[in-house]
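Please open the structure in your viewer and keep the selection tool at hand. The stops below move from one selection to the next, each with a note on what is found there.

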Amino acid sequence: MELSEATIKKIRWLIVFAVAAVVIGFNYRSVFGYVVKIFGFVTPFLLGGVMAFIINVPMQRIETLLPLKRESKLLRPLSLCISIIFVVGVVVLVTFVVMPQVIDTLLSLQNNIPAFLAGVKTEAEKLFAQFPEVADYINSIEIDWKSFLNRVVEFLSNGAGTVLSSTVSAAMSIISGVTTFVIGFVFAVYILLQKETLSRQFKKVMRAYLPDAVTLRTLEILDLVHTTFANFFAGQCLEAVILGSMFFVTLSIFKLPYALLIGVLIAFTALIPMFGAFIGCAIGAFLMLMVQPLQALIFLIIFFVLQQIEGNLIYPHVVGNSVGLPSIWVLVAVTLGGSTMGVLGMLIFIPLSSVLYTLLREAVNVRLKKEKSVKSKKTLIP
């Protein structure tokens, strides 16, 4: 029995795959170590790719707004500079505006929490006045705040000593992190300035080494991934800014405390789909509860009213159907992403699940059409 050249080639690749699987199975620890090293080498470039993707979202919009022709050599560098200034400006603005508010809040909580607990203790004593045992127990509860603060200072001092004792390793970690960031940023700038050229080169390589059908399908999937992720992140960021602004304006009108801090906090936590705004709500309600319980109740009412407006009117128009994922699968994606990668997983898993859902839906529809056509042909055969 003679084997064809194609069959021999398949057998050869099966043997290579089996040998590689056996070698990896017996040396999985060494292989895992090499994989970790390789990942460490490519980390700056992965970071640069993520940075390029984030900066590219406002950059595409800025390119359409600038009064320059598409052929102009100034269009790309100018739009890139404006996008970088915009992203850095947002980070700096939030840092310098919010950090003083956070510091003032922590300082006020140092005084408000003992006063609040003392008030709760007094009210509890009045409430349980008819039960002397409960009242005596409540009255016996005492918190030595001075001792508590001394322990905190002692803990911080010990932590500082530990940090000082490992100054060299900490400095090396900082230098490594800064180096990684700089390399990633330069790589991101290069990608954004030469993205058409890189795209063209990538397509040439695929056409040279892959069949045309595989190349075409791969490019379609990559375009779907890019469109889904870009639309999701852009819509989610815009929706978070709108929601945070609504809270800041409303809380300022009602003259509630921490308006700016809560507005920024809800804007950031709203980036987390479904559950994010409720995290900001819990923190905001706690802060107001320390000042005056009635204000916390008013804040909760305002929160649920604004949430209904945002969920029914703003979110469908801002984000719309960019994700294209049913609500039940959004919940599954958020849960799996949160349990796997934390907050970052919640953001990544939704557009990723949307891409997988779209591909699966297309595959199912194509398969059903084929089965339907086969059944129709069978019915035509006499």
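Begin by selecting Phe 187, which is partly exposed with a relative accessible area of 27%; here buried means under 20% relative accessible area, exposed over 50% and partly exposed in between, computed with a 1.4 Å probe and protein chains only. This is a predicted model, in which local features need pLDDT of at least 70 and side-chain atom pairs count only at pLDDT 80 or more, while totals for chains, interfaces and linings use all residues. Residues are numbered from 1 along each chain as its sequence is written, and side-chain values use heavy atoms, with hydrogens and water left out.

A search of the whole structure finds eleven aromatic pairs, where rings of Phe, Tyr and Trp (its six-membered ring) pair if their centres lie within 6.5 Å, and planes under 30 degrees apart count as stacked, over 60 as edge-to-face and the rest as tilted. Phe 45 and Phe 187 form one of these pairs, edge-to-face, with 5.2 Å from centre to centre and 85° between the planes. The pair links distant parts of the chain, since Phe 45 belongs to helix α2 (residues 28–65) and Phe 187 to helix α6 (residues 167–193), 142 residues apart; helices (H or I, at least four residues) and strands (E, at least two) are DSSP runs numbered from the N terminus.

Next, select Phe 278 and Phe 303, whose ring centres are 5.5 Å apart and whose planes stand at 70°, so this pair is edge-to-face. Phe 278 lies in helix α10 and Phe 303 in helix α11, so the pair ties together parts that are 25 residues apart in sequence. Phe 278 counts as partly exposed at 40% relative accessibility, whereas Phe 303 counts as buried at 0%.

Which residues have the most contacts inside the largest nonpolar core? A nonpolar core is a set of buried Ala, Val, Leu, Ile, Met, Phe, Trp, Tyr and Cys residues joined through side-chain atoms within 4.5 Å. The largest one has 25 residues, and those with the most contacts inside it are Phe 247, Leu 251, Ile 262, Ile 266, Met 288 and Phe 299. The elements that give two or more residues to this core are α8, α9 (259–269), α10 (276–291) and α11 (293–318), and α11 supplies the largest share, six residues. Centre the view on Ile 266: leaving aside neighbours within four places in sequence, Ile 266 is in contact (heavy atoms within 4.5 Å) with Leu 243, Phe 247, Gly 280, Phe 299 and Phe 303.

For the last stops, turn to the charged side chains. The structure holds four salt bridges, each a side-chain nitrogen of Lys or Arg within 4 Å of a carboxyl oxygen of Asp or Glu. Select Arg 76 and Glu 196, whose closest N and O atoms are 2.8 Å apart. This pair links distant parts of the chain, with Arg 76 in helix α3 (residues 75–127) and Glu 196 in helix α7 (residues 195–209), 120 residues apart. Arg 76 counts as buried at 14% relative accessibility, while Glu 196 is partly exposed at 40%.

Finally, select Arg 217, which forms a salt bridge with Glu 220, the closest N and O atoms being 3.2 Å apart.
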